[in-house]
Amino acid sequence: MWIALACAAVVLLFVIILYNNLVAARNNVKEAFAAIDVYLQQRFDALCNIAEAVVAYARHERETLNEITRLRNELAVMSDDEKVEAYRKSDRLVERLTLQVENYPDLKASDNFIHLQKTVNDLEEKLSASRRTYNARVNKYNTMIQMFPANMLAGALSFTPKELLEIDESKKQDVDLKSILRG
């Protein structure tokens, strides 16, 4: 009887430890995504400021500002997956803003614009680092819930795999510097 009770206690202790490790891994993923969320909000704010500066130089560039503002305002009610998509859209908006700025040499020389550009570059670096952290934690979490014996408990307790943040295919292609530098 004591042996059966001891075995049951060991199994229960194992399940408790395994469950707690799964919860901790899931919370680490949420924490990493929260950091990305903060940087995304800051990025949208900085992009709005840049877009407003561009609009001040050319009123017809308002469409980009409106799109950035709309995405920024919707971030608060988005799911994590929708925020990932907003992140991808903001990448495309950054590219569009960069092209628009090229048309306004006076704007590029503005101290305020230079400061905003540095801010965006800093946020891009922070987002990149946060994305690496997030992906590492997602990878660890997904590995934990897929390995035996945790996979039996994880499935029963609704621990589901998380998606990695991936780079758009267009960003993975080689850049043709010759054609860019020729103008």
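Me: What percentage of the 183 residues in the protein chain is buried?
Reply: Heads-up: this is a predicted model, where local features need pLDDT of at least 70 and side-chain atom pairs count only at pLDDT 80 or more, while totals for chains, interfaces and linings use all residues. Numbering starts from 1 along each chain as its sequence is written, and side-chain values use heavy atoms, with hydrogens and water left out. Buried means under 20% relative accessible area, exposed means over 50%, and partly exposed is in between (1.4 Å probe, protein chains only). Of the 183 residues in the protein chain, the buried share is 32%.

Me: How many helices and how many strands does the protein chain have?
Reply: Helices (H or I, at least four residues) and strands (E, at least two) are DSSP runs, numbered from the N terminus. Starting at that end, the elements read α-α-α-α-α-α-α-α. So under that DSSP definition, the tally is 8 helices and 0 strands.

Me: Which residues outside its sequence neighbours is Ser130 in contact with?
Reply: Ser130 sits in helix α5. Its relative accessible area is 9%, so it counts as buried. Set aside the neighbours within four places in sequence, and the contacts of Ser130 are Ala35, Ile36 and Tyr39.

Me: How many salt bridges are there by this rule?
Reply: The rule asks for a side-chain nitrogen of Lys or Arg within 4 Å of a carboxyl oxygen of Asp or Glu. Lys126 and Asp122 meet it at 3.3 Å, N to O, and Arg137 meets it with Glu31. The count is 2.

Me: Which helix holds both Lys126 and Asp122?
Reply: Lys126 is partly exposed, with 33% relative accessible area, and Asp122 is partly exposed at 36%. The two are 4 residues apart, about one turn of the helix, and both lie in α5.

Me: Which helix gives the most to the lining of the second largest pocket?
Reply: On a 1 Å grid over the protein atoms alone, a pocket is an open set of points where a 1.4 Å probe fits, with protein on both sides within 12 Å along at least five of seven lines, and lining residues have an atom within 4 Å of a point. Grid points are joined across faces, edges and corners, and volume is the space filled by probe spheres set on the points; this pocket comes to about 250 Å³. Of its 14 lining residues, Asp80, Asp81, Val84, Tyr134 and Glu163 are the closest to its centre. Both α1 and α3 (80-101) supply at least two lining residues, but the top contributor, with 5 residues, is α3.

Me: What accessible area do Val11, Phe14 and Val15 have together?
Reply: Val11 lies in helix α1 (residues 2-57) and is exposed, at 52% relative accessible area. Patch members need over 30% relative accessible area and no salt bridge; like charges are joined within 9 Å, nonpolar side chains (Val, Leu, Ile, Met, Phe, Trp, Tyr) within 5 Å. Areas come from the Shrake-Rupley method with a 1.4 Å probe, and for residues only the protein chains shown count as cover. This trio forms a nonpolar surface patch of about 250 Å².

Me: Which non-glycine residue has a positive phi of about 65 degrees?
Reply: Most residues other than glycine have a negative phi, and most peptide bonds are trans. The residue in question is in the loop between α6 and α7 (169-172) and is exposed, at 56% relative accessible area. The residue with that positive phi is Ser158.

Me: Which peptide bond is cis?
Reply: Look at the loop between α5 and α6 (150-156), where Pro149 lies. With omega near 0 degrees, the cis bond runs from Phe148 to Pro149.

Conventions:
Contact = heavy atoms within 4.5 Å.
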